[in-house]
Amino acid sequence: LRSCSPGRARRTNASRRACLVARFGDIYAQERLDAETLLRTYISDIEMVQRIIYIAAVEAFHAAKMAYRQFKIRVRETLSLGHSGPESLEDTVLDYIVRHEDLYDVQASVNEVIRSMNINPKISVPPEIDFIVISTLIRELCCVAFSMQTLVPPLDVAFGIDGELFSETKYHRSFDSDFTAALVAYHVWPALMENDVVIVKGEAVTKR
């Protein structure tokens, strides 16, 4: 019997995780603000701008996770035909995906995110706005989210609801928040989670 040794993806898991968590922080600090600046040229309401960016982030993770699941199914079907070890089939599949992440059709995910945003009832924007203006942010988030699915365990963003009780462990308050308010008025950025544990806080606005 062959012993199942951990694959390369698992051996590099910690370093890849650290890089991806750092990249998520960079997107918050850079691409998010760039997107905010772009949207402010079309929309004067800062709350709506921040809502749009938050929804884009959540939708990007959703689209990337769906794409990853479909990609993984196709890879498993192909590799299972000739698999003989020494690694388990699951590890072989994971190794293949990590080595060939460039095969991820990120543009399809970007299109899916924009389609979802166009029909989201929480977004009200002038008709001349095309969310393609923030496609750089969406693309970066999709790429990071897809790569985060190759981690063991995978990382995901928390889904927030307007009016939920503010959680100190999950969010920072935005500078313009009412710091005595207990409820979230709206979210600015999602928290990053690992097995339902917050590893990077998001940002929320609290108001009475």
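How many Å separate the centres of domain 1 and domain 2, taken over C-alpha atoms? The answer is 21 Å.

Let's start with the ground rules. This is a predicted model, in which local features need pLDDT of at least 70, side-chain atom pairs count only at pLDDT 80 or more, and totals for chains, interfaces and linings use all residues. Residues are numbered from 1 along each chain as its sequence is written, and side-chain values use heavy atoms, with hydrogens and water left out.

Domain 1 covers 9–154 and domain 2 covers 158–207; these bounds come from an automatic or database domain assignment. To their contact (heavy atoms within 4.5 Å), domain 1 brings 20 residues and domain 2 brings 19 residues.

## The buried area

About 1,800 Å² is buried between domain 1 and domain 2, and carbon and sulfur atoms give 63% of this area. Buried area is the accessible area (1.4 Å probe) that two parts lose on being put together, summed over both. Look for Phe24, Gln50 and Tyr54: they supply 35% of the area that domain 1 buries against domain 2, more than any other three residues.

## Salt bridges across the interface

The rule finds three salt bridges across the interface of domain 1 and domain 2. A salt bridge is a side-chain nitrogen of Lys or Arg within 4 Å of a carboxyl oxygen of Asp or Glu.
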